[in-house]
Each structure stands twice: as structure tokens, then as C-alpha cells.
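Work through the exercises below with the sequence and the coordinates open. Each task is followed by a solution in steps.

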Amino acid sequence: ISCYYDNAEFFKNLVLTEKFTFKSVIFLVISVILAIFMRFAFGCLSSIVLYETDFVGAVVYNATYIPLSGAVSLVILLGLLKPLQILNQKTKNKNHN
């Protein structure tokens, strides 16, 4: 649990900064792209291992929906970035008082 908390604090400090910065947007985009790639890679691996699909079939199947769902997730997260930063700032101020 401690490792998870440390990772969450690391992410929170980079993305949920006090101001809306270009750095926080870039870090969020890189994080989502990395998550999409990992989901794609392990989705292909599970298709090969569990369903005995060949590599090309696994890539074609996963390429039909994973990039689209990742793009939708990215748009939603970018839309929520500013409200989450405001909420984080209000929570910080409330905890310090």
C-alpha cells in the first residue's frame, strides 16, 4: 500500500499542480499513451495465450477498439484536468486551515 501511495503522490504532484501548466498536460498525455500501449500489448498477449489467436489476428482485433477507447479516455481526462486541479487546490487550502 505504501508503494501505491508514493506513486499516487508522485502523479498528483506532477499533474495536479496549483496552476494549469503545459508540463502537467504533457505528463498526463504521456501517461495515457503509455497506459494505452500497455493495454494493447497485454491484450494481444492474452489473445495469443488464452484464445490461441495468431499474432496478426490479435493485433488486428485489439487495434479495432483499444486506440479509440484510449483517445476517448484522453479527451475526458484532459477535460477534467482543470476542475481536478481546482478541487485539489480547495482541498489543500481546507486541510491547511
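## Exercise 1: An aromatic pair

Tyr-61 and Tyr-65 are about one helical turn apart, because four residues separate them in helix 3. The model is a predicted one.

**Task.** Determine which geometry the aromatic pair of Tyr-61 and Tyr-65 has, and classify the accessibility of Tyr-61 and of Tyr-65.

**Solution.** 
1. A pair of aromatic rings is described by the distance of the centres and the angle of the planes.
2. The structure holds one aromatic pair. Tyr-61 and Tyr-65 form this pair, with 5.6 Å from centre to centre and 65° between the planes.
3. Planes over 60 degrees apart count as edge-to-face, so the pair of Tyr-61 and Tyr-65 is edge-to-face.
4. Tyr-61 has a relative accessible area of 52% and is therefore exposed, the cut-off being over 50%.
5. Tyr-65 has 33% relative accessibility, so Tyr-65 counts as partly exposed.

## Exercise 2: The chain as a whole

**Task.** State which elements the protein chain has, in what order they run, and what share of the residues is buried.

**Solution.** 
1. The protein chain contains three helices and zero strands.
2. Read from the N terminus, the order of elements is α-α-α.
3. Of the 97 residues in the protein chain, 19% are buried.
4. Among contacts with a separation of 6 or more, 56% join residues 24 or more positions apart.

## Exercise 3: A nonpolar surface patch

**Task.** Leu-50 belongs to a nonpolar patch on the surface. Find which helices each supply at least two residues of the patch, and which helix gives the largest share.

**Solution.** 
1. Members of the patch include Leu-34, Phe-37, Met-38, Leu-50, Phe-55 and Val-60.
2. Together, the residues of the patch have about 1,300 Å² of accessible area.
3. Helix 2 (22–51) and helix 3 (55–96) each supply at least two residues.
4. Helix 2 gives the largest share, with nine residues.

Definitions and conventions: Residues are numbered from 1 along each chain as its sequence is written. This is a predicted model: local features need pLDDT of at least 70, side-chain atom pairs count only at pLDDT 80 or more; totals for chains, interfaces and linings use all residues. Side-chain values use heavy atoms; hydrogens and water are left out. Patches are made of residues with over 30% relative accessible area and no salt bridge: like charges are joined within 9 Å, nonpolar side chains (Val, Leu, Ile, Met, Phe, Trp, Tyr) within 5 Å. Accessible areas come from the Shrake-Rupley method with a 1.4 Å probe; for residues, only the protein chains shown count as cover. A salt bridge is a side-chain nitrogen of Lys or Arg within 4 Å of a carboxyl oxygen of Asp or Glu. Buried means under 20% relative accessible area, exposed over 50%, partly exposed in between (1.4 Å probe, protein chains only). Contact means heavy atoms within 4.5 Å. Rings of Phe, Tyr and Trp (its six-membered ring) pair if their centres lie within 6.5 Å; planes under 30 degrees apart count as stacked, over 60 as edge-to-face and the rest as tilted.
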